[in-house]
Amino acid sequence: MIEPEQTDLILGFIPLTDSAPLIVAKEMGFFSQWGLNVKLQKQNSWATLRDKLHAGLLDATQMLAPMPLASSLGLGCAKVQVITPLVLSLNGNAITLSEKLHQEILQENNLAHVTLPLAAYLLQKVINVRKIRKRPKLRFATVFPYSCHYYQLRDWLSSANISEEDLDIVVVPPVNMVAFLQSGEIDGCCVGGPWNAKAVRAGIGLTALTSFDIWQDSPEKVLGLLASFQQAKPNTVIALSAALKQACIWLESIPNRFEAARLLSSDQYLDASVDVIAPSLIGSCLTHITMPPRAIPSYNQFSKSTKNAASTSSINVPEYIRGEWLISQMKNAGQLKDIDVPADLVRTVFRPDIYHQMRLKLEDQSVQFFRRSG
Amino acid sequence: MAWKDSLQYTSSLKQQKNVIPELRILLIDENRQRAESLTSALNNSRYKINHLANPDMSLLKQVDEIQPDIIVIDIESPSRDILESLSTISHYNPKPIVMFSGEKDTDTINQYIESGVSAYVVGDLQADRVKPILDAAVARFREFQKLKVELSDTKQQLASRNLIDQAKRLLMKKRNLSEDDAFKAMRKTAMDTGQKLDDVAKTLISFLNTI
């Protein structure tokens, strides 16, 4: 076992389906197994969550995968070195269109129904017609400037040569996404669960495609903490990562994910009904109130066993190549203009070395457990 | 109050208004009571408050319509992400943003918020504290914006000087002119055609490079 330097920890999370590893680690007692007494603190906005982490009001937190890089570059905030020793989840976002836009797509393209995943070029006609008739541009929402949601939305649009000048992209908090779709303030959004499923169940949207249809298996949420915290309390970080890794492994089993949906639904966490939380967890993408769901087995992915027992690779490893990929997305989105990106940035932020130390401890512990239980 | 006095009072109010311009505040706070106490704290001051109790439905529209001079927001509001994006995704004229928070430890957050950019955390909304904080926020924000403009002006000047130097060297090389004559020729063209010197330089560079 390991002796954490600090046992009482405050962790931040945003009410989303992919905060499951944090909630599971707490509720299933994985944190306490590692000698940690963790308090989960719900946050309403990513900016506030980030500022609280920077200020030390949160010891560690769930983060959007590009956020530790953005913090370390001082994008939109003070420059603070944030690291990630663990990827918490892959995939999990989807693009949902308002019912009004859905109907507009059918009409302008002379279609009786759409085929999913929806090809972005079907939007092109709508954009052109709106331009000719001098009607307002389409408005799409994403959740944060430095988010995979934003880059995925851009990628999908650019697959049909739709540029950001053809429509407006705004930021809307996930909790308000469904209301915005309904009121017509936005025509579509890229958001994580349970908000897509909620819009479909409420009959106000069409989930056109999931982030898995755009990018396969890229990191979505990561564990973020200050580099200075890790330097001062390395054992605490290992214990924390180990407990969360255990939660990710636990979440690999589908029956366990049903149980997770039940845990997440409580009002202290997502405060949403199980029937909107469960689908993405069990690989089902609700599409439209009149249409059957699509099977997306990796819709929310927290862990994946490797067939090769000796393999050390895992989807939870914060590999450099993933950091480089995110940097390239930030660059494409024009977020790194006038910014000096240090050559070793990804190496200082993505920390597979801590992950591998943690994995050894985790194996060690399971061997001991095996011996004890005979 | 006699009518004369009241007239005098109105005209002195008008005078005051002429001296200190009004500043529009967009307050984003779901707590109506707190909003009322802030409004009364700022009564008879140059700050005029627009309160948005349920901001999420119309924040963007409101910012567009009101064009506030300051935005005051509860640090716990989900709308913080919208505000943050205004300066990154949308090309939006930045405003000073003042944040307030129930957290006791706001000073810690405060020290991490990029000084001068926009954000100032107020511990609470006590009447006597609010005005000086708003004044300071506006002043620091303006100072910061001025520095930013100066910086981009300096960058611009450097860039145009580079262009002019480059064009001058090309002229000297290709037309066998002295440095002084090259510069005079460019200046004359600029004056004759009513163009800026760096525009002339740009045209010259592309012209001289193609022939």
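This is a predicted model: local features need pLDDT of at least 70, side-chain atom pairs count only at pLDDT 80 or more; totals for chains, interfaces and linings use all residues.
Residues 24 or more positions apart make up 60% of the chain B contacts with a separation of 6 or more, where contact means heavy atoms within 4.5 Å.

I then looked up burial in chain B. Of its 211 residues, 37% count as buried (under 20% relative accessible area, 1.4 Å probe, protein chains only).

Next I listed the secondary structure. Chain B has 8 helices and 5 strands, taken as DSSP runs (helices H or I, at least four residues; strands E, at least two). Along the sequence I read α-β-α-β-α-β-α-β-α-β-α-α-α for chain B.

I turned to chain A. It divides into domain 1 (8-90 + 219-271 + 297-371) and domain 2 (93-213), with bounds from an automatic or database domain assignment. I found 25 residues of domain 1 and 21 residues of domain 2 in the contact.

I checked the interface of these chain A domains. They bury about 1,800 Å² between them, 63% of it on carbon and sulfur atoms; this is accessible area (1.4 Å probe) lost on being put together, summed over both.

On the domain 1 side, α3 (46-55), α4 (67-73), β10 (219-226) and α15 (320-332) of chain A each give two or more residues. The largest share, 4 residues, comes from α15(A).

For the record, residues are numbered from 1 along each chain as written, and chains are lettered from A and ligands numbered from 1 in written order. Local features need pLDDT of at least 70, side-chain atom pairs count only at pLDDT 80 or more, totals for chains, interfaces and linings use all residues, and side-chain values use heavy atoms, without hydrogens and water.

Conventions: Buried area is the accessible area (1.4 Å probe) that two parts lose on being put together, summed over both. Buried means under 20% relative accessible area, exposed over 50%, partly exposed in between (1.4 Å probe, protein chains only).
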